[in-house]
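Here is a short briefing on one protein chain. Keep the sequence and the structure in view as you read.

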Amino acid sequence: MNAPHPALQLSDRIADLLTDPADLPAAWTAHPSWRQSLAHGAPGIALLHVERAATGRGRWESAAQWLSIAANGPVTSGPDSYLYYGAPALAHALHCAARTRPGAYRSALAHLDQAVADDALRRCAQARTRLSRGDLPALAEFDTIRGLAGLGSLLLRREPDGRALREVLSCLVNLTEDVKYDGHLLPGWWTTSGPSGRPDPRFPRGHGNNGLAHGITGPLALLSLTLLRGVEVNGQREAIGTVLTRLECQRSGHTWPYWTTRDYAGAGRKPSAQRPSWCYGTAGVARAQQLAALALGDPLLCRAAEEALAAALTDTAALAATTDLSACHGFAGLAHIAHRAAADADPPGAARLRAATALLLDTAHPPHADPDRQARRLLDEAGPALLEGAAGTALALLAPATGTPTATGWDACLLIS
């Protein structure tokens with residue numbers, strides 16, 4: 001086994017600084033939503049310590065302490081909950097912990113499983129009603145962060161044979177069918193809002209979102225992951241093909257636009273330099289495309305996805321547009337996705353992706369950098385959050401820096417595994 005990359009020192013030091021909840025400033029922890037937020041609060045920090053305990057790099061007591069904070073109080077379910085907040089967020093963290101300690105949290109998880117399944121079924125009913133009216137969806141209906149794709153990722157791990165997951169998949173299959181709206185034939189995932197999910201004068205006729213966090217790539221990833229694990233509903237393979245075809249029409253080299261409008265057909269038009277992020281960009285899209293290719297048994301598509309990812313992760317202009325370390329859109333997140341994709345690639349593709357991973361780790365933690373100083377600066381500037389802060393950076397660095405798989409599957413919340 002190769003020696004760990006020095007970026008592991010940064011991951012370790014961040015975890016050290018986040019060990020004791022009492023050490024965190026009140027400015028971070030005082031917000032009422034902090035206890036239940038996977039993206040910004042205690043469940044995300046708990047994931048870091050759960051993964052470290054599972055890999056032998058940390059103490060279970062630290063993980064248990066953070067999980068206790070996340071679970072200590074009423075848990076939001078229903079319309080105000082989603083994968084990154086409330087019952088699903090806590091269920092994700094506890095599920096990862098239970099993989100390390102089988103049998104732990106059984107009662108709590110049973111209660112949370114029911115709440116998540118009920119909410120997924122309610123959302124599916126709303127999606128069918130919306131479709132019957134001929135309305136376009138909101139991003140929050142189907143995306144990874146707030147929608148059905150995110151809930152489906154949790155259902156796949158908790159209740160893969162349950163009715164709720166099959167209903168979610170059926171709704172996402174329906175989402176891929178073209179719809180006629182305002183006299184135009186549009187993809188079924190077209191939304192009248194801007195990328196924020198709110199009305200936006202810059203998008204007067206709406207947009208089609210390609211992001212893994214907020215767009216159609218999240219449903220593509222879920223449809224592919226479930227198919228890989230033997231869960232399939234009518235039309236699922238065709239739906240995967242439809243999304244892949246749409247994305248291919250918009251692709252320019254190794255780049256996909258973050259979104260399209262009716263004034264931008266996509267084909268043959270190269271977007272300006274953009275960061276190849278998980279949330280928006282080549283890293284998220286190419287990993288979802290690779291998963292789709294694996295699910296469909298298409299080695300040519302798999303190779304194309306891996307080549308696009310490797311090219312984007314060594315593109316000078318794209319890397320120059322990447323300005324932080326975060327799991328969401330920074331160097332640590334890119335290293336983690338490259339590491340994940342390399343494990344599923346054939347030997348030539350895997351070699352390119354491993355080389356890209358090493359480059360990204362070097363960028364995240366340059367030679368001779370002081371990990372303590374770097375960790376403290378990161379906490380001061382970005383806070384302890386999972387998606388855009390220090391906890392996520394530490395987590396995303398851990399597997400690629402050690403050259404090992406994740407132990408808990410924590411990154412299922414990113415729909416890359």
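The points below cover the core and the salt bridges.

This is a predicted model: local features need pLDDT of at least 70, side-chain atom pairs count only at pLDDT 80 or more, and totals for chains, interfaces and linings use all residues. Residues are numbered from 1 along each chain as its sequence is written, and side-chain values use heavy atoms, leaving out hydrogens and water.

**Core**
- The largest nonpolar core has 130 residues, and Y84 and W278 touch the most other members.
- Such a core is a set of buried Ala, Val, Leu, Ile, Met, Phe, Trp, Tyr and Cys residues joined through side-chain atoms within 4.5 Å.
- Buried means under 20% relative accessible area, exposed over 50%, and partly exposed in between (1.4 Å probe, protein chains only).

**Salt bridges**
- The structure holds 20 salt bridges.
- Each one puts a side-chain nitrogen of Lys or Arg within 4 Å of a carboxyl oxygen of Asp or Glu.
- D119 and R122 pair at 2.3 Å, N to O.
- D119 is buried at 4% relative accessibility, while R122 is partly exposed at 26%.
- E141 and R130 pair at 2.7 Å, N to O.
- E141 is buried, with a relative accessible area of 18%, and R130 is buried at 9% relative accessibility.
- D344 and R287 form another salt bridge, their closest N and O atoms being 2.9 Å apart.
- D344 is partly exposed at 33% relative accessibility, whereas R287 is buried at 2%.
- Salt bridges that share partners join R13, D16, D372 and R376 into one network.
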